[in-house]
Amino acid sequence: MQKLSNPSLLLLRNEEELIGKNILVINHNDDGFLSQLVKINSDAKINAFSYNFADHQAAQKVNSVSSFVGHSLPALEQLDLIVYYYPKSKPEALMMLSNIRAIATPDTRLLVVGENKGGVKSVEKQLKAYAEASFKLDSAKHCILYEFNKLAPENQFDITDYHQQFSVKAAEQQFDAISVPGVFNHGKLDIGTELLLNNIELPKKGQTLDFGCGAGIIATFLLNKQPDLSMHCLDVSALALYASEQTLKLNGHTGTFILSNGLSEVTEQYDAIVSNPPFHTGLSTDYSISEAFIKNARHIMNKRASLQIVANSFLKYPPIIEQYFGTYSTVIKNTKFAVYRADKT
């Protein structure tokens, strides 16, 4: 049985607040909460939405739940209850709260739950001008649960209102990119990707995969140099995929965009893979996503194809790369980041 997260536990101890006929849960955890919600509301229509494809896949497996994934909420009608798990990104929360008000009615109750360290208290200020009534329902396990009623409607939600255009400079290139809230390193070139671009060996032809594409900076950089590349951009985040598509389009390029949990949705073979792969840190560093990526990358690489990645210097990627590729080279390493290359022989 899955272990419920603290925000989910707080919601469930306020079971009487979770009753509805048409419910939407946003940014949910893959922790069993949706299954519990179905038990509480056996006759209700329960919908789930996430920007994250992995969480969407998990929700699809829950009986009686209709799951959606994308960069904007689906146009669901007559919602009487919306449950929103507050994210770590305040700009992302502002964007979502606007999107919520575009689909809510004056009768929709909005519950917002989150961890104190994740900044959930900000929601009081963010919604102050848009909710006629608000209540702090409960707090426990370093989390808070709020209720907001009679939300002021938003006429229309348009994600283009949240575009942030910014300049990228690396390896004698300068171009503009587009990001939206919730995308990795929103609105700027991160120093890891900059190091990779300054030291990359450009693929000359064939199909190239940008794994964990973010705002499409790596893909655009490669296409600026080699416009004939067949570029595939992959990310678990629908927001990232959307941003990548906007960045490529802005620079006159086209690509293939793959929404995927790891490499699960990949069906092609590649001549080059380039990545600033994600990793999670908590009490301990979680390599599982990146290790699975490196392990499975070999299976989607053509002979003599190259894998080039950048990673925090303290992460123990070399033994993982060596395990699956046999040999590798450290292209460059500084106190913060390292660029590694491995070839499929």
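Helices (H or I, at least four residues) and strands (E, at least two) are DSSP runs, numbered from the N terminus.

I note that the model is predicted: local features need pLDDT of at least 70, side-chain atom pairs count only at pLDDT 80 or more, and totals for chains, interfaces and linings use all residues. Residues are numbered from 1 along each chain as its sequence is written, and side-chain values use heavy atoms, with hydrogens and water left out.

I then checked burial in helix 3 and found F53, D55, H56, A58 and A59 buried (under 20% relative accessible area, 1.4 Å probe, protein chains only). Their cover includes helix 2 (33-40) and strand 12.

Next I looked up the largest nonpolar core, which has 36 residues (buried Ala, Val, Leu, Ile, Met, Phe, Trp, Tyr and Cys joined through side-chain atoms within 4.5 Å). Helix 4 gives the most to this core, with 6 residues. F148 is one of the residues with the most contacts inside the core; I list L110, V112 and L127 among the residues F148 touches (heavy atoms within 4.5 Å), not counting residues up to four places away in sequence.

Last, I located H253 in the loop between helix 8 (238-250) and strand 12 (256-259). H253 counts as buried because its relative accessibility is 16%. The side chains of H253 and N224 are joined by a polar contact of 2.7 Å (a pair of N or O atoms within 3.5 Å; within protein, one must be able to donate a hydrogen and the other to accept it, and residues adjacent in sequence count only if both atoms are side-chain atoms).

How values were computed
Buried < 20%, exposed > 50% of the residue type's maximum accessible area, 1.4 Å probe, protein only.
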